[in-house]
Amino acid sequence: MTKDFTVAIVGGGMCGLACAVGLSRSDIHVDIFEASSKFEEVGAGVALGPNALRALKGLGLYETVLSHSKASGPGHREFIFLSGMDESKVVYDYPSMSPDDLGLGIYRPVFLDAVVGLLDPSTVHFNKRCVSITSTETTTVISFTDGTEHEADVVIGADGVRSATRNYVVGEGVQKHMVFTNTIAYRGLISLEDLKAAGLQTELSTRPTMFAGLNKHFVIFPIHGDERINVVIFVSKSDIPPQPPLPSPWVAATSDRELQDQFQEWGRDARIIVDHMGACSKWFIHALNPPLGSYSRGRVVLIGDAAHAMAPHLGAGVGQGFEDVFLLCELLKNDKVTKSNIEGALRAYSEVRSPRANWVLERTNQALRVYESYQPGMEAEKAEKLANQWDPIWHHKLDEDINRAIEMVSKHVQALNTLTGVSIAFTGNTPGSSNKQDFSVSVDRADAYVASYPSPAEYLQWYMSPTLEEGNHTIALSEMDNIDVDYAIVAVGNQTTVQGKDILVDDTSNAIVWTGDWQTNTSTLAHITRVFVDNHPLGNSTKDSNTAGDSFSFQFTGTNVSVWRETTTFSTTSNASGNDIANTMFFSSPVLASGAHTLFMNITEVAGDQSFMLDYITYSDQVSDGNSSSSPTSLSGSSGTNTPSSSGTSSSYSPPKTTQLAGIVGGAVGGGVALLLIIGALIWWRRSKRSYHKANLIRLSVDQFVLRQADLSAPAPSTSEKKLVWLQTGGTSVAASENQAEIRRRLDEINRLMAQMEQPANETAQIQELRTRIEMLTEENTRLMGAPPPAYQD
């Protein structure tokens, strides 16, 4: 299945091309942008350890690369460490750990030749040197030195140690990371036959070899089927701390004499090798110090030297790059990763890969200190430090990293919220105490910060963004673990249009006129063990009444209106009075003619000690804008998405109550339209009946609602009427729904069946039959109402 996002890879080196092949094989559209006029690698050979070969096998490149290498197969890569002053003295002989500890030495251009043939030529673009990267809300733009640009959903920086994509990821602090290590590497390829003819005694054709000495060391390994050896001679100034990056170029030619003069006191075999280096190239070794804290920013991600440029003292740099590539390809091709959560996927890549690769980078620096502090007589000390040096690099379980990254994408919700207004807040269920209690927030693509949930396992507003300038904004949330979101609220200012939006009015708003003995309730709602989390209403308050005759009215301009309240459901014990569930739609009007209306609700009957608890009102504004006097001032809210957000960093919950802003509400608000409360209760009962032996059904009379034209004064309810809702709109009185009588009939039958189930004499089979009948009646009622019941789950 073709992915819904495109990828641009900046850099056509070993890691960039391997990544391009891996992604394109997964039906991901990839374009490669190479600064040079052709694919070419500067340098000589490269060592691929067991971990690197496993990554190439995972990418499906191993056989192709091996066939181009001229080697009969991989071989053991265990080093032997020798004294540079006396080659016959062994400092440490690295043992063979297992038959699987095989590696391969290969010439860099040979690797490129092997991989290039696997690419679609139309996706390759030469002479494209990246100079900058910019991002918008929907795409990322790469700018090149030739004045052209390219847009992609994802940009992968594989542009090496002098990465331009790293500048985007790190920002202004890039110079604080890249340093000159005060080490120069002299690189060359030497014919093994020529060295033997000159009298070389040390065996160099079968395994990697290192000559160690004070402030100098050699690294030698065979390539091309033992025809040549790759030699890298390092000369360091250990008494000088790392320096800022040197001006270009970082690679230069050198004379024979320059190198020979530095090894006059070394042993015979070492001098023979130096004499055959010829006019080799010298490399000023630069590396990242300190390592990067993150390998991604937004939709831009780094691999290889762009992410973790390290010195070559462990021969592990390319291997770490291939590990990057394999994990990133496996992650991006996973079905759970789409354009909508791509930033979260890249963050998961960074979270998994950066600790591993940065650890190898630091271990590389330690290795240099071990090599270049050697002097004769220190063999035992150095042997202890060299023992098992490569084990954690070679034997890393990359498959576990891949599974962990995929699990992070699955488990940690990531959301990108776009809003027009001044802030956004989210309400829903927070994770339990055993889950992750913080998450990352990025506002308008700025650096992410960490936010925490107010408390675990509660239904409440768990995030509110900072107050922003009025306008368009993007809030990106990631690393959220088992979070539920009910609705999002956007606060808007006077310049923001709300036409066509759903406006939310909290119970504290003075736009609602209360008549009677209504009380403000700010208590936390009850907790139902194993079924619900602790619940908080919007703004942590409701307006409550248990008195028949109490009423409220609300004037609005729009095309429909809904009332949301706290639902009273079953108790967990037979003698309790019930528990409350936040955010249930109590009433929703039919579509109204556009214009001014008044909603009037009157309590006509109260059963037992139950209360009506109003949380908030929503209505659709099809006419006004943020300045319109027809829109009541209210708590604002809006969201085009049902995703969460949270800057909640304190442990106590005290959400702000806003009364100066018009607003918009959206998201998965409660789950259903014009649902009778009894149905929501039955759905809960079907899930929890197995856990609780007895339950008291709470009844609420909702016989009908009436549409009536009137002036703006509320009609006086008759004591003989059982009408709970009046909606003044204009027109004549109209009955609500012809289906309502049939719904009521089924509800009565459900009540009767539930009473039968409470009889202790009933057998299991009878109870199951009654349950089946109740479920069927509930489904029929759901169909008649045209909406599913609310489904709050733990």
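**Helix packing**

Modeller: Start with helix α1 (residues 14-24) and helix α4 (residues 108-116), which pack at about 20° with axes 10 Å apart. Helices here are DSSP runs of H or I, at least four residues, numbered from the N terminus. Axes are lines fitted to C-alpha atoms over the stretch in contact, with angles from 0 to 180 degrees between N-to-C directions. So α1 is roughly parallel to α4, meaning an angle under 35 degrees. This is a predicted model, where local features need pLDDT of at least 70, side-chain atom pairs count only at pLDDT 80 or more, and totals for chains, interfaces and linings use all residues. Residues are numbered from 1 along each chain as its sequence is written, and side-chain values use heavy atoms, without hydrogens and water.

Colleague: Which residues in α1 and α4 meet?

Modeller: Met-14, Leu-17, Ala-18 and Val-21 of α1 meet Arg-108, Phe-111, Leu-112, Val-115 and Val-116 of α4. Contact means heavy atoms within 4.5 Å.

Colleague: And α2 with α10, at what angle do they cross?

Modeller: Roughly 30°, and the axes of α2 (residues 50-59) and α10 (residues 317-332) come within 8 Å. They are therefore roughly parallel to each other.

Colleague: New topic. Which residues touch the most other members in the largest nonpolar core?

Modeller: Ile-156 and Phe-322, in a core of 116 residues. Such a core is a set of buried Ala, Val, Leu, Ile, Met, Phe, Trp, Tyr and Cys residues joined through side-chain atoms within 4.5 Å; buried means under 20% relative accessible area (1.4 Å probe, protein chains only). Helix α11 (residues 342-371) gives the most to this core, twelve residues.

How values were computed
Buried < 20%, exposed > 50% of the residue type's maximum accessible area, 1.4 Å probe, protein only. Helix = DSSP H or I, 4+ residues; strand = E, 2+ residues; numbered from the N terminus. Parallel < 35°, antiparallel > 145°, perpendicular 65-115°, else oblique.
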